[in-house]
Amino acid sequence: MAAAAARGGLCGAKLARLVLGSRTVSTGSSAAPTPDGERQQEQQGKLTRVWQSEGIRNIVLSNPGKRNALSLSMLKSLRQDILHNIDSTDLRVIIISAEGPVFSSGHDLKELTPKEDTKQHMEIFKTCSEVMTLLPKLPVPVIAKVNGLATAAGCQLVASCDIAVASEKSKFATPGVNVGLFCSTPAVAIGRSLPKKVALEILFTGVPMAAQDALLHGLISRVVPEDQLESETLKIAQKICQSSRAVLALGKATFYKQMEHDVSTAYQIASQVMVENLSMKDGQEGIEAFVSKRKPNWFHS
């Protein structure tokens with residue numbers, strides 16, 4: 001079926017097997033109820049903090065002392081938090097943010113010294129690529145909430161998310177060229193978000209791009225005052241939660257799939273998926289609710 005093809009069969013279980021092999025997907029910590037009834041994980045010893053409430057999973061890069069560097073351990077922690085219970089209909093959207101003034105400084109350069117062998121270097125870049133390519137394949141939207149500097153692989157993470165909201169003070173850069181390590185892997189995501197000449201300018205110079213310029217050229221979705229970053233990001237997430245998870249999953253998968261093709265083929269793919277969307281329970285429920293002038297009751301199927 002075209003809808004299944006658009007989804008690529010990437011249900012949570014398959015994603016977990018694909019990325020983690022035989023490892024059990026877990027958060028690495030137990031959950032405990034908070035006073036407001038929300039279940040929040042114990043975060044001892046983790047490089048990320050994560051909690052979920054009312055369909056919204058918040059994942060926070062939590063190593064500000066090292067500028068939230070995407071070390072191998074940080075990447076693995078982030079990957080676990082993303083994939084945990086990914087099939088649950090309770091999960092509707094993921095927000096990725098960070099503690100401190102730096103969203104992420106990119107790879108931990110101490111892991112990339114000549115003291116580490118080529119095998120170790122390859123594992124780092126392979127794991128990072130897996131995390132970045134995982135995000136578009138997820139059945140729920142992923143929002144980057146940026147309040148500070150995002151450089152190199154940190155900028156790559158922002159570019160790989162479906163939506164990115166940034167504060168006015170945020171900046172984006174690929175400064176690897178200044179230390180003799182060109183940002184070739186970040187360029188994959190950034191080069192697909194920015195026009196070629198704009199992408200190459202920041203890659204060649206390493207000069208940071210201001211938030212408004214990042215918005216102008218399409219790296220991020222929205223720029224807001226710092227004191228409104230939390231509320232504006234939450235508004236987007238809450239709006240997403242009002243829709244059918246199954247319909248959003250199909251729409252997201254189809255969007256990325258059709259972008260890989262020429263316009264004519266893209267329309268063929270999208271047209272067939274829309275027909276199949278109409279046969280879904282939520283496709284039928286949504287139209288019936290509209291005609292009946294009532295709110296839809298989603299089945300998430």
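The chat below goes from confidence to strands, helices and a few single residues.

Trainee: What sort of model is this, and how are residues numbered?
Mentor: This is a predicted model, in which local features need pLDDT of at least 70 and side-chain atom pairs count only at pLDDT 80 or more, while totals for chains, interfaces and linings use all residues. Residues are numbered from 1 along each chain as its sequence is written, and side-chain values use heavy atoms, with hydrogens and water left out.

Trainee: What is the average pLDDT?
Mentor: The protein averages 89, and 85% of the residues score at least 70. pLDDT is the predictor's confidence in each residue, from 0 to 100. Over residues 5–9 the pLDDT is below 50, and that stretch has 11 contacts in the model beyond near neighbours in sequence. A contact means heavy atoms within 4.5 Å.

Trainee: Where else does pLDDT stay under 50?
Mentor: Over residues 16–42, for which the model has 47 contacts beyond four places in sequence. Where pLDDT is low, the predicted coordinates should not be read in detail.

Trainee: On to strands. Is β7 buried or exposed?
Mentor: Buried: 5 of the 5 residues of β7 (residues 142–146) are, so the strand is largely enclosed by the rest of the structure. Buried means under 20% relative accessible area, exposed over 50%, and partly exposed in between, with a 1.4 Å probe and protein chains only. Strands (E, at least two residues) and helices (H or I, at least four) are DSSP runs, numbered from the N terminus.

Trainee: Which way do the residues of β7 point?
Mentor: Val 142, Ala 144 and Val 146 point one way, Ile 143 and Lys 145 the other, and all are buried. In a regular strand the side chains alternate between the two faces of the sheet.

Trainee: Which residues stand opposite Ile 143?
Mentor: Ile 95 is its bridge partner, and Ile 163 in β9 also stands opposite Ile 143. Strand β5 (residues 93–98) runs parallel to β7, joined by 3 bridges. β7 and β9 (residues 163–167) pair in the parallel sense over 4 bridges. Two strands pair if DSSP finds at least two bridges between them.

Trainee: What is the strand order in the open sheet of 4 strands?
Mentor: The order is β6-β8-β10-β11, with mixed pairing. β6 (102–104) and β11 (209–210) are the edge strands, each pairing on one side only. β10 (residues 171–173) and β11 run antiparallel, joined by 2 bridges, with Phe 172 partnered by Met 209 in β11.

Trainee: Which strands does α5 touch there?
Mentor: α5 packs on the sheet and touches β6, β8 (149–151) and β10, and its direction makes about 100 degrees with that of β8. 8 of the 8 residues of α5 (residues 153–160) are buried, so this helix is largely enclosed by the rest of the structure.

Trainee: Helix pairs next. How do α10 and α11 pack?
Mentor: α10 (residues 245–258) and α11 pack at about 170 degrees, with their axes 10 Å apart. They are therefore roughly antiparallel to each other. The contact residues divide into 6 nonpolar, 3 polar and 1 charged. Axes are lines fitted to C-alpha atoms, for helices over the stretch in contact, and angles run from 0 to 180 degrees between N-to-C directions. Angles under 35 degrees count as roughly parallel, over 145 as roughly antiparallel, 65 to 115 as roughly perpendicular and the rest as oblique. Ala, Val, Leu, Ile, Met, Phe, Trp, Tyr, Cys and Pro count as nonpolar, Asp, Glu, Lys and Arg as charged, and the others, Gly among them, as polar.

Trainee: And at what angle do α11 and α12 cross?
Mentor: The axes of α11 (residues 263–279) and α12 (residues 281–292) cross at roughly 75 degrees and come within 4 Å. That makes α11 roughly perpendicular to α12. Asn 277, Leu 278 and Ser 279 of α11 make the contact with Lys 281, Gly 283, Gln 284 and Ile 287 of α12.

Trainee: Is Leu 229 buried or exposed?
Mentor: Leu 229 counts as buried because its relative accessibility is 5%. Leu 229 lies in α9 (residues 229–241) and touches residues including Lys 145 and Val 146.

Trainee: What is phi for Glu 54?
Mentor: Near 50 degrees, a positive value in a residue other than glycine. Glu 54 is in the loop between β3 (48–53) and β4 (56–61), and counts as exposed at 71% relative accessibility.
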